Amino acid sequence: MRTDTPQAVRLADYRPPAFLVDEVELSFDLQPSATRVRARLQLRRNTAGALRLDGRNLRLISLAVDGRRLEPADYVLEADGLTLPTPPDAFALETEVEIDPSANTALEGLYISGGRFCTQCEAEGFRKITFFPDRPDVLARYTVRIEADRVYPRLLANGNRLESGETPEGRHYAVWRDPFPKPAYLFALVAGELDVLEDRFTTASGREVKLEVYVDPGQTARATYALDALKRAMAWDERAYRREYDLDLFMIVAVRDFNFGAMENKGLNIFNSSLLLADPDTATDADYERIESVVAHEYFHNWTGNRITCRDWFQLCLKEGFTVYRDQGFSADQRSAAVQRIKDVRALRARQFPEDAGPLAHPVRPSSYIAIDNFYTATVYEKGAELIGVLRTLVGEEAFSRGCDLYFERLDGTAATMEQFVACFAEISGQDLSSFLRWYAQPGTPAVQLQSAYDPETGALDLTLDQTAPEGRQEDSAPVPIPIRLGLLDGDGRPLAFTRDGRPSEETVIVLDAGRTRVRLHDITTPPVVSALRRFSAPVRLSTDAPDDDRYVLLAGDPDLFNRWEAGQTLAADLGLRRAAGDPDAAGERRWAEAVGRALADQSAEAAFKALLLSPPSEGDLSLLRAPYDPAAVHTAREALRTVLGETLSAPLARLHDALASHAPYSPDADSAGRRALRNAALHLLTATRGHDAAARAQAHFADASNMTDALAGLDALAEIGGATYDEALAAFYVRWAHEPLAIDKWFSIQARAPEPGVLGRVLGLLTHPAFDRRNPNRLRALVQGFSSNLAALHAPDGSGHGFLVDQIILTDALNPKTAARLIEPLGAWRRLTPELAGRLRAQLQRLVDTPGLSANVLELAEKALA
């Protein structure tokens, strides 16, 4: 039995800070293993109590109050902080500490990446830089002086640059001032050799903002797309939310060693290089899309996260959910709104639905935590974004827009809560939104059942909607308001008009805010096909009493493209589950494949949408629809569906693959990316058939590729075939791209995800490859998370995949607890597995929990996964 379990932090225990900090002056003397940090804090009392300053891994050199040096008897110094029992009500606190960035493998606080100094302070990294009340409700203005040797030519920090120069000792310095109050987690510093790509942006009010993107020497050409995305995001935010940028300078820095995707530090965003650098040779279409999205996301944080921040970390969903919603809106406007919506929902179901269905489920706003880093989850981000969409639907477009304006006006410069955010929309709309907040307090995915009854004599359609709480949570869950966007079609797929409450319409929104809601629609002239939950209007699981024939009508012609795609997915899922259970419906599978083929021939549909139609539900999607489930059976069933689809449509797929070949210069625009996606989807289905020319077609696709998107598609197809041709392609890929870290990440990942029988042996071999570096999060994730996404291999009958993953978590935890904790999620699936597999996985989880010296990050999630 463990006796070292850390104590939980609880939302109910929140208390305002005893002291606020108005001004912070920081001075850095940068040295790789002995950096000196001097801090001067101007503090004033806020509530009764002692002054508590957080601090970890700091060597205290001196401490003074209003210029008077304190002796050890004047304060209490502990491993996690420093306390002044009886400080004055207003005073200046001066500290000097020494830290060792070179030893910081956790990549939190100040560390060294690629010979450069870099920081990551969210959520609690600033306490590893200096003593400070490291909590988001303490907002201060920062002045920062950085001094370093000339081998670090760029000295960057938040805000505007005030001055720079040389010291008498031949070193150099820069002074930065951020005029806007911010919490410590938004502090940033970068020092090192970097090239810069520069541009300017003129705001709607006529202010000129200088833009600077810093990258590795020689890499500026690869930052041009990110810079363009930044300018488009700045203009979009002015149009869509009326938000202008507020400083004279906006900077982005790309670093290779980074725990997150990117960080929105005020005026100095720091990015994982994989989410900033792109050119056709090394980045895929998906990389370009992700760069566009993440650049926008971090920029949008300037208002939703920086100007208005979180009162406490339980309100993380306030800044992240709202900002994800904003970046999804930006991506939808830049590309195809329907395709973007499908991709967003696919991501939600792939990452968040399993989280909600397992032992790691938690509310969008948790009530407690041990390590806050563990709550940077799909629930907080993606489900949090869905809830903003729910709110928008509930209050309507105009009230949502005005509510946003009120939120920005009322709470600018503060640390806010979800209640304050929702109150703005309640005030503008005049609605009681108290029940909406239940979405933030209850874990799990609600289920909605829709039943319909049509009376041809009266032309009335009766709809009955029921919501049920997630399984196992019925006792502690209350109904939430669920908007169901709904339309009707006739048997030929044409929109049907109807009347609701005396108003004619072709689409309506039904709000299911109780356990059961009944609605009657009138003036319907023919038996209707119900198209419900259009555009995925709420994050729920919907089931209906509609027959398969209705789904085929929706697949053929629903004007709502999300529901058209969803109909195909539902039909395929039902067929896949039947096959996995040993009861295949061969006629049904062929009918589904033929229906997909007819949709593929629709000249009005865009290529990207057609590519999505060609992909059956993932193994992860299918695993959530039946418990217990056998991963091997699900894998075999899905592959069989792909084979049926490929064989049924072999001729049109071959014609597509040939016709869509292009020798035009690469462009990442949505239309070009869509055509490549469709061609590559056709290739994968043709490969699934193992036809006589499948290997030759895949090999030629790989050999002829003029961009990374097509090269990886060819390599992926060869991985499915396996054998010597695959190994030769892997070797050729490595030789060509050995000097490109981002490309080699892909090389590791594609091998870990390959559906070959001996994939674990290959992965174990790659752990000793010279290019593998466990200390680099990108490389580790490529290999280990790549393998854990390979569900049939992870859940191998002998338990070897489970043992491998637990071994990697333990090894990684000693270096980087944040990254190690993010590897745990697949282990929580043990309850959904067949009994023998569940027992093997549970035993490995127990081994993990029993490992001495685990970090709080890993221990918290491992114990929850095991419970």
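Is Glu-507 buried, exposed or partly exposed? Glu-507 is partly exposed, with a relative accessible area of 30%; buried here means under 20%, exposed over 50%, and partly exposed in between, with a 1.4 Å probe and protein chains only.

Hello everyone. A word on the ground rules. This is a predicted model, so local features need pLDDT of at least 70, side-chain atom pairs count only at pLDDT 80 or more, and totals for chains, interfaces and linings use all residues. Residues are numbered from 1 along each chain as its sequence is written, and side-chain values use heavy atoms, with hydrogens and water left out.

Let's stay with Glu-507 for a moment. Its side chain meets that of Arg-535 in a salt bridge, at 3.5 Å from N to O. By salt bridge I mean a side-chain nitrogen of Lys or Arg within 4 Å of a carboxyl oxygen of Asp or Glu. Glu-507 sits in strand β30 (residues 507-512) and Arg-535 in the loop between β32 (529-532) and β33 (541-544), so the pair ties together parts that are 28 residues apart in sequence. Helices (H or I, at least four residues) and strands (E, at least two) are DSSP runs, numbered from the N terminus. Arg-535 is also partly exposed, at 37% relative accessibility.

One is Arg-59 with Glu-98, whose side chains meet at 3.3 Å, N to O. This pair links distant parts of the chain: Arg-59 is in strand β5 (residues 59-65) and Glu-98 in strand β9 (residues 90-99), 39 residues apart. Arg-59 is partly exposed, with a relative accessible area of 44%.

Another is Arg-642 with Glu-720, at 2.8 Å, N to O. Here the link runs from helix α14 to helix α18, across 78 residues. Both Arg-642 and Glu-720 are buried. Elsewhere, salt bridges that share partners join Arg-485, Glu-507, Arg-534, Arg-535, Asp-558 and Asp-560 into one network.

Now for the helices. Two packed helices are described by the angle between their axes and the distance between the axes. The axes are lines fitted to C-alpha atoms, for helices over the stretch in contact, and angles run from 0 to 180 degrees between N-to-C directions.

Take α14 again, which spans residues 631-648: its axis comes within 8 Å of that of α10 (residues 561-580), and the two cross at roughly 125 degrees. That makes α10 and α14 oblique to each other; under 35 degrees counts as roughly parallel, over 145 as roughly antiparallel, 65 to 115 as roughly perpendicular and the rest as oblique. In the contact (heavy atoms within 4.5 Å), α10 brings residues including Leu-575 and Arg-579, and α14 brings residues including Val-634 and Leu-641. The residues of this contact divide into 8 nonpolar, 1 polar and 1 charged. Nonpolar covers Ala, Val, Leu, Ile, Met, Phe, Trp, Tyr, Cys and Pro, charged covers Asp, Glu, Lys and Arg, and the others, Gly among them, are polar.

The contact of α18 with α19 has 10 nonpolar residues, 1 polar and no charged.

Last pair: the axes of α15 (residues 650-659) and α16 (residues 670-688) come within 9 Å and cross at roughly 135 degrees, and these helices are oblique as well. Their contact includes Ser-650 and His-657 of α15 and Arg-679 of α16. By class, the contact of α15 with α16 has 8 nonpolar, 2 polar and 1 charged residues.
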